[in-house]
Amino acid sequence: GRSEMSAVPVGDGEVLVFGGSTSGVMAPFAERVDARTGASRHGGSMMLPRAQHAALRLADGRVAAVGGSQRNSIELWSPGSNTWALAGNRMAHVRQHATATLLPDGRVLIVGGFTEAPSYRFAEIFDPARETFTPVTDAPQERRWLHAALKLADGSVLIVGGENEAGALASGGRFDPARERFVAEPPLATPRSVVRAVLGPADEVLMYGGEQEPDQGLASGAAWRGGVQRELPAMPTPRAWHTLTGLADGRRLVLGGQHNGQLVGGGLLAD
């Protein structure tokens with residue numbers, strides 16, 4: 001069993017599961033799980049165990065594990081050799097609960113993350129081909145983690161919610177990859193940390209649950225499109241730390257989470 005792990009589809013019906021904690025110890029190995037049968041096989045040993053990281057599949061088929069607790073590195077899994085290797089360079093600082101989003105040109109936008117480092121770089125871009133990092137200089141100065149990042153149809157990346165030392169955040173912004181700068185967006189009606197969001201029809205961003213106060217889940221939902229917001233029907237049970245998945249028929253699947261120290265179940269949502 002694992003908590004705080006990642007699961008990334010890697011083709012041929014397989015999902016690469018890696019990182020996270022097992023009985024309080026960060027798991028140093030990965031597993032390749034056949035989504036059709038449930039069978040698993042070895043997915044290589046990671047160079048560094050990590051949890052609370054970001055993960056994504058790169059354009060060349062490799063998988064990247066980005067940052068995590070006490071980690072300022074990126075680790076890359078190669079499907080052909082089934083091995084892991086550390087990228088040759090390091091991020092500006094440790095990034096825990098950051099986001100990593102694939103840009104149209106194959107590079108990766110890394111945003112936010114918790115760190116105790118005195119200096120803070122809000123965002124940087126990782127080039128998988130060169131394994132280098134470039135800071136985004138035209139970016140907010142605030143710290144942010146536990147936010148959501150969604151790539152829109154035009155290739156820009158929307159950053160919403162999250163938290164910093166002051167608490168849950170309503171603010172957000174959009175990264176323009178053509179100009180490599182962030183553009184401010186109207187704030188959310190309700191501050192949301194531990195944000196869970198998916199893309200709906202016509203680039204509408206759908207958000208459900210999250211936290212406004214520590215350990216207190218939200219039942220409300222909100223939709224965002226081009227800075228215009230609308231309220232979504234509330235979930236029957238408040239929750240944070242859940243998963244949210246968009247289904248092919250337009251409904252959204254919500255699984256698990258917690259509220260007020262108690263675990264909660266799941267359900268299907270539709271407008």
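The model is predicted, with local features needing pLDDT of at least 70, side-chain atom pairs counting only at pLDDT 80 or more, and totals for chains, interfaces and linings using all residues. Residues are numbered from 1 along each chain as its sequence is written, and side-chain values use heavy atoms, with hydrogens and water left out.

Student: Why is the pair of Phe126 and Phe133 called tilted?
Tutor: Rings of Phe, Tyr and Trp (its six-membered ring) pair if their centres lie within 6.5 Å, and planes under 30 degrees apart count as stacked, over 60 as edge-to-face and the rest as tilted. The centres of Phe126 and Phe133 are 4.9 Å apart and their planes stand at 35°, so the pair is tilted.

Student: What makes Phe133 count as buried?
Tutor: Buried means under 20% relative accessible area, exposed over 50% and partly exposed in between (1.4 Å probe, protein chains only). Phe133 has 16% relative accessibility and therefore counts as buried, and Phe126, at 1%, is buried too.

Student: Why is the pair of Phe175 and Phe182 called tilted?
Tutor: With ring centres 5.2 Å apart and planes at 55°, the pair is tilted.

Student: Why is strand S2 described as largely enclosed by the rest of the structure?
Tutor: Strands (E, at least two residues) are DSSP runs, numbered from the N terminus. Five of the five residues of S2 (residues 14-18) are buried, so the strand is largely enclosed. Glu14, Leu16 and Phe18 lie on one side, with Val15 and Val17 on the other.

Methods
Helix = DSSP H or I, 4+ residues; strand = E, 2+ residues; numbered from the N terminus.
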